[in-house]
Amino acid sequence: VAAVSDASGRPIAVHSMDGAYHGSFDVALQKTYTSTAFQMSTQKLSRLCQPGGELYGLQFSNQGRVMILGGGEPLMVGDTMIGALGISGGTADQDSDLAAYGKTALKEVIKCL
């Protein structure tokens with residue numbers, strides 16, 4: 001499942017592949033929310049939220065919307081966040097790699113404009 005949100009974390013597009021886990025729909029959306037809310041990748045945030053980490057407990061905030069699994073990336077144009085990309089359905093590493101690829105692809109598209 002791939003989800004895109006605006007800079008406020010509101011969904012603007014979601015695509016589910018055939019056979020995708022239906023639970024991944026919500027996870028992808030929450031990854032976009034988390035990436036916009038904290039302006040960082042969910043992979044980075046997951047490390048900061050581990051027991052003993054400087055942000056441990058954050059994952060219990062925002063009425064349960066904070067998703068600390070890899071696969072969420074803020075989308076930037078220069079220094080301005082325009083939204084976020086959330087990927088869910090694979091392993092945390094696979095989701096992170098695909099979201100990072102999507103973030104890079106956006107940068108390449110912007111260069112062509």
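A nonpolar core is a set of buried Ala, Val, Leu, Ile, Met, Phe, Trp, Tyr and Cys residues joined through side-chain atoms within 4.5 Å. The model described here is a predicted one. In this model, the largest nonpolar core consists of six residues: Met40, Leu45, Cys49, Leu58, Val66 and Ile68.

**The nonpolar core and its surroundings**

- Ile68, a member of the largest nonpolar core, is in contact with Thr42, Leu45, Ser46, Cys49 and Gln59 when residues up to four places away in sequence are not counted.
- Two other members of this core, Leu45 and Val66, are among the residues that Thr34 contacts beyond its neighbours within four places in sequence.

**Thr34**

- Thr34 belongs to helix α1, which covers residues 23-38.
- Because its relative accessibility is 1%, Thr34 counts as buried, the cut-off being under 20%.
- The side chain of Thr34 comes to 2.8 Å from the backbone nitrogen of Met67.
- Apart from neighbours within four places in sequence, Thr34 contacts Gln39, Thr42, Leu45, Arg65, Val66 and Met67.

**Thr42**

- Thr42 is located in helix α2, residues 42-48.
- With a relative accessibility of 0%, Thr42 is likewise classed as buried.
- The side chain of Thr42 reaches the backbone oxygen of Leu69 at 2.6 Å.
- Leaving out residues up to four places away in sequence, Thr42 touches Lys31, Thr34, Ser35, Met67, Ile68, Leu69, Gly70, Gly71 and Gly72.
- Thr42 and Ala20 are 22 residues apart along the chain, and their C-alpha atoms are separated by 21 Å.

**The largest pocket**

- The largest pocket holds about 230 Å³ of space.
- Its lining is formed by 13 residues, and those nearest the centre of the pocket are Val1, Met17, Ile87, Ser88 and Gly89.
- By class, seven of the lining residues are nonpolar, five are polar and one is charged.

**Ser88**

- Ser88, one of the residues nearest the centre of the largest pocket, lies in the loop between β4 (80-87) and α3 (92-112).
- Ser88 has a relative accessible area of 7% and is therefore buried.
- A polar contact of 3.4 Å joins the side chain of Ser88 to the side chain of Ser24.
- Not counting residues up to four places away in sequence, Ser88 touches Val1, Ser24, Val27, Ala28, Lys31 and Asp95.
- Val1, which Ser88 touches, is also listed among the lining residues nearest the pocket centre.

Methods: Residues are numbered from 1 along each chain as its sequence is written. This is a predicted model: local features need pLDDT of at least 70, side-chain atom pairs count only at pLDDT 80 or more; totals for chains, interfaces and linings use all residues. Side-chain values use heavy atoms; hydrogens and water are left out. On a 1 Å grid over the protein atoms alone, a cavity is a set of points where a 1.4 Å probe fits but cannot get out, and a pocket is an open set with protein on both sides within 12 Å along at least five of seven lines; lining residues have an atom within 4 Å of a point. Grid points are joined across faces, edges and corners, and a volume is the space filled by probe spheres set on the points. Ala, Val, Leu, Ile, Met, Phe, Trp, Tyr, Cys and Pro count as nonpolar, Asp, Glu, Lys and Arg as charged, and the others, Gly among them, as polar. Helices (H or I, at least four residues) and strands (E, at least two) are DSSP runs, numbered from the N terminus. Buried means under 20% relative accessible area, exposed over 50%, partly exposed in between (1.4 Å probe, protein chains only). A polar contact is a pair of N or O atoms within 3.5 Å; within protein, one must be able to donate a hydrogen and the other to accept it, and residues adjacent in sequence count only if both atoms are side-chain atoms. Contact means heavy atoms within 4.5 Å.
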